[in-house]
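Subject: Structure handover

Hello,

Here is the structure I promised to pass on. Please open it first, then read the notes below it.

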Amino acid sequence: MKQSNTADLGTGSVGKLLFSLSVPAILAQLINVLYNMVDRMYIGHIADVGADALTGVGVTMPVILCISAFAALVSMGGAPRASIMMGKGNPEEAERILGNCTATLVLLSVILTAGFQFFGRDVLMAFGASENTIGYAWAYMQIYSFGTVFVQMALGLNAFITAQGFARTSMLTVLIGAVCNTVLDPIFIFGFDMGVRGAALATIISQGISCVWVVKFLLSRRTTLRIRRRNLRLSPHVILPCLALGLAPFIMQLTESIIMVCFNTSLLKYGGDLAVGAMAILMSVMQFAMLPLQGLTQGGQPIISYNFGAGKAGRVRRTFKLLVVSCFAYSTVMWAVSMFVPHLFITLFTENAQLSAFTVWAIHIYMAAALLFGIQIACQQTFIALGNAKVSVFLALLRKVILIIPLIYLLPHIVPDPVMGVFLAEPVSDLIAVCTTAVTFVVVFRKTLRGMDAAQEEASEPGGEPGGLQGI
């Protein structure tokens with residue numbers, strides 16, 4: 001089983017592989033959205049205080065993204081490197097990467113939990129909470145932060161399961177937690193009358209169950225790569241390249257947290273709690289739109305990374321072409337739904353007529369350029385799969401730091417309606433970033449493939465060294 005799983009990445013049909021790996025990963029990402037979406041759905045329907053409670057929990061989203069960003073820093077750099085090492089025929093180094101990443105995730109969990117318990121309330125106020133919503137925000141995050149170790153381990157280690165080609169097992173990790181969360185939420189929120197505290201408790205219990213599932217699998221004989229005690233001791237030459245490669249997805253998620261703060265504080269200034277509440281719903285919709293794209297790229301990552309390590313340029317090229325077409329098709333569908341039938345999303349979160357009407361208006365602005373984002377994420381995640389840390393970091397910084405944050409504060413002074421100006425920052429930055437990413441990718445990707453083709457030709461000559469790529 002182990003051998004056939006690995007061999008398929010290098011020899012199987014690219015289309016069938018991408019389908020078999022992406023479908024479970026997409027389902028896993030869709031299910032993963034349920035963790036926070038289900039919380040907000042139930043919270044938004046709490047009698048009398050639902051709108052304020054929903055806004056308060058919406059303010060916690062930047063903190064939740066920050067926690068998951070640290071999981072991405074470790075796993076989204078470690079998992080592609082493990083796949084590359086497997087492609088090179090070096091499973092021992094791949095296991096060392098897995099062990100070092102496991103230890104790092106535990107260490108980060110301890111630091112994050114302690115930091116938030118001491119400074120969490122002040123952080124939430126800085127992130128856009130008001131006197132009306134801070135009680136709900138702090139009640140949720142005070143409990144949620146105690147489950148940081150479960151979030152880090154479940155999200156972080158699950159990437160290594162996907163990277164080996166065990167996409168169904170990876171999907172089950174998320175499915176188990178989401179089902180538990182869906183069942184426990186109404187019990188704790190309404191049955192035990194715990195409100196937002198019940199939502200947080202249900203979430204961390206569910207993440208804990210997912211964590212146990214992941215660790216148990218990676219300790220078993222069913223996996224190709226196993227967590228071994230000897231590999232848990234941190235080694236700089238093993239973990240630092242992983243962190244360097246993981247820096248791009250870390251920046252993407254961490255700056256997403258910062259961007260939420262910028263949006264929330266600006267919208268609170270120009271539009272009040274109503275605008276902040278609409279933003280909480282829009283962020284949930286964006287999560288729904290983005291995470292399936294991440295599922296597609298997660299399905300493509302093991303194929304690209306493994307064949308890059310094996311020096312098979314043709315398979316890398318075919319995988320990317322299929323990936324970018326699939327991502328663009330999906331993002332176009334999501335854009336159409338947001339533009340023409342936005343109530344399909346909005347009614348899931350609120351029955352408040354005023355909040356619903358405002359959010360319909362806002363989503364047409366905020367999601368205006370979302371159809372192009374499939375190109376952006378396909379190109380950017382392929383850079384990560386190829387081990388190209390520098391370019392992926394630049395592209396992450398371009399959209400999230402160089403463009404969108406300044407636009408959030410600049411456009412309200414240019415557009416007659418300042419609230420519209422805040423929401424316009426998203427599509428304007430998306431358009432510029434996608435154009436820049438596409439041009440950069442064409443140049444760098446062609447250069448990379450030419451280098452792989454040259455390495456293959458050299459290896460095929462008498463006396464050539466097999467295995468192709470070096471210096472990754």
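A definition to begin with: axes are lines fitted to C-alpha atoms, for helices over the stretch in contact, and angles run from 0 to 180 degrees between N-to-C directions. This is a predicted model, in which local features need pLDDT of at least 70, side-chain atom pairs count only at pLDDT 80 or more, and totals for chains, interfaces and linings use all residues. Residues are numbered from 1 along each chain as its sequence is written, and side-chain values use heavy atoms, with hydrogens and water left out.

**Helix packing**

Two packed helices are described by the angle between their axes and the distance between the axes. Take helix H4 (residues 61-87) and helix H6 (residues 134-144): their axes come within 10 Å and cross at roughly 20°. H4 is therefore roughly parallel to H6. (Under 35 degrees counts as roughly parallel, over 145 as roughly antiparallel, 65 to 115 as roughly perpendicular, and the rest as oblique.) Helices here are DSSP runs of H or I with at least four residues, strands are runs of E with at least two, and both are numbered from the N terminus.

The crossing of H4 and H6 is right-handed. That term applies if the near helix is turned clockwise from the far one by less than a right angle, and left-handed applies if anticlockwise. Which residues make the contact? H4 brings Val63, Ile64 and Ile67, and H6 brings Tyr140, Met141 and Tyr144. Contact means heavy atoms within 4.5 Å. By class, the contact has six nonpolar, no polar and no charged residues. (Ala, Val, Leu, Ile, Met, Phe, Trp, Tyr, Cys and Pro count as nonpolar; Asp, Glu, Lys and Arg as charged; the others, Gly among them, as polar.)

Ser145 sits in the loop between H6 and helix H7 (148-163). Ser145 has a relative accessible area of 1% and is buried. (Buried means under 20% relative accessible area, exposed over 50%, partly exposed in between, with a 1.4 Å probe and protein chains only.) Neighbours within four places in sequence aside, Ser145 touches Thr113, Phe116 and Gln117.

**Salt bridges**

Side chains of opposite charge can pair when their charged atoms come close. How many salt bridges are in the whole structure? The search finds four. The term means a side-chain nitrogen of Lys or Arg within 4 Å of a carboxyl oxygen of Asp or Glu.

- Arg96 and Glu93 form a salt bridge at 2.8 Å, N to O. They are three residues apart in helix H5 (residues 91-126), which means about one helical turn between them. Arg96 is partly exposed at 33% relative accessibility. Glu93 is buried at 12%.
- Arg228 and Glu95 form a salt bridge at 2.7 Å, N to O. Arg228 lies in the loop between helix H9 (196-219) and helix H10 (236-245) and Glu95 in helix H5, so the pair ties together parts 133 residues apart in sequence. Arg228 is partly exposed at 26%, and Glu95 is buried at 9%.
- Arg399 and Glu426 form a salt bridge at 2.6 Å, N to O. Arg399 is in helix H16 (residues 389-410) and Glu426 in helix H17 (residues 418-460), so this pair ties together parts 27 residues apart in sequence. Both Arg399 and Glu426 are buried. A network of salt bridges links Arg399, Glu426 and Asp430.

Best wishes
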